[in-house]
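Colleague: I would be grateful for a close look at one part of this model, with the terms defined as you go.

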Amino acid sequence: MARLTAVAFFTVCLALSASAQVTPAAGYTPPDDTPSFKVGATIFGDYTYVDSPTVKDADGNTINQSSFNVSRAYINVTGNLNHWIAFRITPDIARETSSTSSLSGSQEFRVKYAYAQFNLDDWTTKGSWVRLGLQQTPYIDYTEGIYRYRFQGQVFAERVGLLVSSDAGLSAHYAMPGNYGDVHAGFYNGEGYSRAETNNEKAFQIRTSIRPLPLGGMWKGLRATIFIDKDHYVESARRQRTLEQVTYEHPLFNAGVEFAQAKDRTSAKLAEVSSSGWSAWATPKLGKKGWELLLRHDEFKPNKNTSLKTKRDIAGIAYWIPNLQRVTTAFLLDYDSLKFDGFFPARADDTRYGLKMLINF
């Protein structure tokens, strides 16, 4: 059923792009087809103090680990060849952790996004397109646009290992008329941007978001979303995710809640494992000076047939520097606590305090 839906979706997009353009009326201004490109950057920096667990240093002393980090450094190159074809190239950094590498401990650049985009604005609603290449997957990038605190840490579905934020594939996006919502669907390798494809199986992912009352009033910021990811580790061994989400955006706060279910069978010879979890968050604003709170709670059961459970609590206060043209800058003091229930042997709680920084332009 998912594959039939995807085929139908792409057929509609291709049919729209192949249809003849309406002859322009008198006074029509043709679109600007001058090639252009822009260069921007995204930086996540932090100082993190680990309250627990404690560790031993090289001399056997018990210490609370702490470090200054740069967890993300993007150089975003975006542009247009004409009003139909756009592109993006974004290298990312990653810490080399292999003990056998001569670069162990170094931060290495790798490609996270590299895609071409064919805009369908001439034939359908503005904001509709088809993409090919290494690109954002449908759910995480959408959610981060509402949540805004990726510089604190990953959104729930990525943090518990259910989804990746970028993958190579072919996808299409349709913006519903009247700002009533959008649909984003595509076929991806399924392994994520940091791994090579391992087999002939491809992931079909589709996200549908509905804005039921987009015309104004206090409910304009309400959106409901459903996301499905159907994939296989190998033949007859499925990897499936279903997420349901409700978000609300308001001048005084943003908030969201999401529920996730997953089924994993890493081999046809092994039993299938079902997992589930949920996350709720809110970011109430403190007046009009750029101050904002971050409150979030996650719960996840990695195997529904056991008593294993993780719980994460995040609390922080952020300052988003106002009145910056084309630049987003924020600082966050946060508390992040992860607790493990039912694990044997028992796992120590992981509690951290940090100062986080975001620069984006």
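Which residues of the largest nonpolar core touch the most other members?

Modeller: This is a predicted model, in which local features need pLDDT of at least 70 and side-chain atom pairs count only at pLDDT 80 or more, whereas totals for chains, interfaces and linings use all residues. Residues are numbered from 1 along each chain as its sequence is written, and side-chain values use heavy atoms, with hydrogens and water left out.

The residues in question are Y139, Y149, F151, L163, L243 and W320, which touch the most other members of the 26-residue core. A nonpolar core here is a set of buried Ala, Val, Leu, Ile, Met, Phe, Trp, Tyr and Cys residues joined through side-chain atoms within 4.5 Å; buried means under 20% relative accessible area, exposed over 50%, and partly exposed in between (1.4 Å probe, protein chains only). Two or more residues each come from α2 (140-147), α3 (156-159), β13 (253-264), β15 (291-301), β16 (309-320) and β17 (328-341). Helix α2 gives the largest share, four residues. Helices (H or I, at least four residues) and strands (E, at least two) are DSSP runs numbered from the N terminus.

Around W320, setting aside neighbours within four places in sequence, the contacts (heavy atoms within 4.5 Å) are R148, Y149, F151, G290, E292, T328, T329, A330 and L358. A second, separate core has five residues, including V183, A185, F204 and I206. In soluble globular proteins, nonpolar side chains tend to be buried together.

Helix α2 also holds Y142, which counts as buried because its relative accessibility is 11%. Beyond its neighbours within four places in sequence, Y142 is in contact with R207, S209, R223, T225, Q245 and T247.

Strand β16 contains I314, which counts as buried because its relative accessibility is 3%. Apart from neighbours within four places in sequence, I314 is in contact with Q152, R159, L294, L295, R296, Y335 and D336. From I314 to N64, 250 residues away in sequence, the C-alpha to C-alpha distance is 20 Å.

Strand β17 includes L333, which is exposed because its relative accessible area is 52%. L333 belongs to a nonpolar surface patch of about 660 Å², made with L286, W291, I317, I321, L324, F331 and L355. Patches are made of residues with over 30% relative accessible area and no salt bridge, like charges being joined within 9 Å and nonpolar side chains (Val, Leu, Ile, Met, Phe, Trp, Tyr) within 5 Å. A salt bridge is a side-chain nitrogen of Lys or Arg within 4 Å of a carboxyl oxygen of Asp or Glu, and accessible areas come from the Shrake-Rupley method with a 1.4 Å probe, only the protein chains shown counting as cover for residues.
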